[in-house]
Amino acid sequence: MNILVGYASAHGSTAEIARFMGAIFQEHHFQVHVADVESLGAADGYAAVILGSAIHAGTILPSMRTYVRRHKDDLTLKSVYFWIACIRVIEPGGCRHARENYIPYEIAPGINPARVAAFSGRVELAELQPGERWALALDYDGTQPSEPFDGDYRDWDAIRAWTLEVAAELSTPQSSSESSIAAN
Ligand SMILES: Cc1cc2nc3c(=O)[nH]c(=O)nc-3n(C[C@H](O)[C@H](O)[C@H](O)COP(=O)(O)O)c2cc1C
């Protein structure tokens, strides 16, 4: 099965998650194309599309929003899976908050992702522009300030587990019809 893993990443860590997922799909005999959504056209020829975005100011990056809007009609015909990477997930209850509030379901109601997931991401304060540091500090809606978050919080086991669930679902004929919220 031919699948597409499209990502939107500002500082590269979400791209790394997407490539990690791509390698897992490949191990399980899928043909996978992993690419930045900015470089992607329509999803013709792919049976399933796995989309992932970093979160800035409580929502997905503009390039992902544009991609989904532009290719909505095409994506509606596919099995679509959607995930995000952010720091809110690290906080108690943050995973649920991120899934419910950071994924803008209104951008493409027709897509109806078969599964969504929120993963913890990476913040390297030293690599952020001053404006980004300000934006993170001002817009972060967590229960604690964003400043202490500085490091790589990616949980590769959780990412692997979710990817394997998606792979298993895609390998069964009735895979894409059910809509669920992943535990992670
Ligand atoms: C300017 C900026 C704003 C951010 N806003 C949020 C936010 O509102 N909520 C959150 O949980 N994480 C937020 N983050 C954290 C990122 O989502 C997280 O670091 C992500 O893993 C970055 O992925 P990337 O390396 O692919 O850009 C923000 C990061 C930056 C730099």
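## Ala 135 and helix α5

Ala 135 has its place in helix α5. A helix here is a DSSP run of H or I with at least four residues, a strand is a run of E with at least two, and both are numbered from the N terminus. Ala 135 counts as partly exposed because its relative accessibility is 32%. Ala 135 and Ile 24 are 111 residues apart in sequence. Their C-alpha atoms are 34 Å apart in space.

This is a predicted model, where local features need pLDDT of at least 70 and side-chain atom pairs count only at pLDDT 80 or more, while totals for chains, interfaces and linings use all residues. Residues are numbered from 1 along each chain as its sequence is written, and side-chain values use heavy atoms, with hydrogens and water left out.

## The ligand and its contacts

There are 23 residues around the ligand. Those that come nearest are Ser 9, Ser 13, Thr 14, Ile 55 and Arg 122. To be near, a residue must have a heavy atom within 4 Å of the molecule or strand.

Which residues pair with ligand atoms through N or O? A backbone N or O atom of His 11 lies 2.7 Å from a ligand oxygen. The side chain of Ser 13 places an N or O atom 2.6 Å from an oxygen of the ligand. In the side chain of Tyr 102, an N or O atom is 3.1 Å from a ligand nitrogen. A polar contact is a pair of N or O atoms within 3.5 Å; within protein, one must be able to donate a hydrogen and the other to accept it, and residues adjacent in sequence count only if both atoms are side-chain atoms. Taken alone, the ligand exposes 650 Å², and the protein buries 98% of that. Such areas come from the Shrake-Rupley method with a 1.4 Å probe; for residues, only the protein chains shown count as cover.

## The shell around the ligand

Several elements give two or more residues to the shell: α1 (13-27), β3 (48-56), β5 (79-86), β7 (122-123) and α5 (130-139). Which of them gives the most? β3 does, with 3 residues.

The shell residues divide into 12 nonpolar, 8 polar and 3 charged. Ala, Val, Leu, Ile, Met, Phe, Trp, Tyr, Cys and Pro count as nonpolar; Asp, Glu, Lys and Arg count as charged; the others, Gly among them, are polar.

## Two loops

Ala 57 sits in the loop between β3 and β4 (59-60). Phi of Ala 57 is near 50 degrees, a positive value in a residue other than glycine. Ala 57 is exposed because its relative accessible area is 53%.

The loop between α4 (94-101) and β6 (115-120) holds Asn 112. Phi of Asn 112 is positive too, near 45 degrees, and this residue is not glycine. With a relative accessible area of 47%, Asn 112 is partly exposed. Tyr 105 is also found in the loop between α4 and β6. Tyr 105 is partly exposed, at 35%. Its side chain reaches the backbone oxygen of Arg 99 at 3.0 Å. Tyr 105 and Glu 27 are 78 residues apart along the chain, and their C-alpha atoms are separated by 31 Å.

Is Gly 22 buried or exposed? This residue of helix α1 is buried, because its relative accessible area is 4%. Gly 22 and Ala 35 are 13 residues apart in sequence and 9.8 Å apart in space, C-alpha to C-alpha.

Ala 161 belongs to helix α6 (residues 156-170). Its relative accessible area is 36%, so Ala 161 is partly exposed. Ala 161 and Ala 15 are 146 residues apart in sequence, with 18 Å between their C-alpha atoms.

Definitions and conventions:
Buried means under 20% relative accessible area, exposed over 50%, partly exposed in between (1.4 Å probe, protein chains only).
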